[in-house]
Amino acid sequence: FQYLETENQDGVDVESGWPSTGYVQIQDFRMRYSTDLPLVLDNINLTIGPGERVGIVGRTGAGKSTLLLALLRMMKPEEGTITIDGIDTSKIKLHDLRRRIGYIPQNPALFSGTIRTNLDPFNQYPDSTLEKALQQVMLMSSSKADQSYISQTLSLDSSVAAGGENISHGQRQLLCLARILIQKHKLILLDEATSAVDVRTDEAIQRVIRADQEQTLIVVAHRLKTVATFDKIVVMDSGKVVEQGSPSELLEARGAFYGLVMNSKDSSDLVARITGKSRM
Ligand code: ATP
Ligand code: MG
């Protein structure tokens, strides 16, 4: 970001369990990166229920990553409010807000250290918990059987270079996912990176996501397959929400989402998944 103004750390205290359900309401939200630039979020209205799995799709530059950043209050809105579990996020201490939401950026960086220090920087969890999370995201094998499946198994003591440069982009995202699993966030924001997420990585993420439906999950997806079986799809274009609804509703509506599906290479597979006529 260009401006390095100190962020205001004031705010009300929230309960230690906040957010306990992950109920997100975005109202009349408008934002621009600077006064001389156009709106990047243009009158966004969205309600995301507790435990809902929502896929954000749309062309590059549509404002998908910006929408996730707005939930973390990375910049001031021009207008509008965001509440999480009924609390206006602009009133909460920034530190609390960002610690209580699980977020995986499009291009995550890691700290130099080890896998252990990256997963558990404050040394709060036993190794067994950390290892279980690594197994869930397929970065560590849990049995002989899946050793062949995992390209490179990591151990808690594997070293991590500054920024995570010695670990692949997809692995960095998986490691962040493992960190989020350990912390049991009720609201998870995942900004999927196309180039990084190969099919296996995507499947690992899917399995983890499916296993635990107690969390509200907002996923920016470049591959429609990732979100084809989600509860809701939000299509963005030029900073606006142009369509929202269940995948099957939107497919029937023959609008923007339908267009994206039909223009995908795997359109017939997508249609099968969405209409439930697939083995998955
Ligand atoms: P992609 O699919 O490529 O990740 P996106 O939908 O996530 O795209 P955003 O990153 O949210 O798109 O960007 C939305 C718009 O805001 C784009 O026009 C982009 O150029 C602009 N933008 C993003 N970050 C900044 C910034 N820090 N300063 C100024 N403009 C920005
Ligand atoms: Mg993006």
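Strand E6 (102-104) and strand E9 (residues 187-191) run parallel and are joined by three bridges. Strands here are DSSP runs of at least two residues (E), helices are runs of at least four (H or I), and both are numbered from the N terminus. Two strands count as paired if DSSP finds at least two bridges between them. Within this pair, Tyr103 has Leu189 in E9 as its bridge partner. Please keep in mind that this is a predicted model, in which local features need pLDDT of at least 70, side-chain atom pairs count only at pLDDT 80 or more, and totals for chains, interfaces and linings use all residues. Residues are numbered from 1 along each chain as its sequence is written, chains are lettered from A and ligands numbered from 1 in the order in which they are written, and side-chain values use heavy atoms, leaving out hydrogens and water.

Now step back to the whole sheet. E6 and E9 belong to an open sheet of six strands with mixed pairing, in the order E6-E9-E10-E3-E11-E12. E6 and strand E12 (240-245) are the edges: each has a single partner strand, so one side of each is left without a neighbour in the sheet. From one strand to the next, the twist averages 15°.

Helix H5 (residues 169-183) touches E6 and E9, and its direction makes about 175° with that of E6. H1 touches strand E3 (53-58), E6, E9, strand E10 (216-220) and strand E11 (232-237), and its direction makes about 150° with that of E9. These angles run from 0 to 180 degrees between N-to-C directions, with axes fitted to C-alpha atoms, for helices over the stretch in contact.

Follow the sheet to E11 next. Five of its six residues are buried, that is, under 20% relative accessible area, with exposed meaning over 50% and partly exposed in between (1.4 Å probe, protein chains only). Five bridges join E11 to E3 in parallel, and Ile56 stands opposite Val234. Five bridges also join E11 to E12, here antiparallel, with Val235 partnered by Glu243.

Ser65 lies in helix H1 (residues 64-71) and Gln106 in the loop between E6 and strand E7 (113-114), so the pair ties together parts 41 residues apart in sequence.

Technical notes
Contact = heavy atoms within 4.5 Å.
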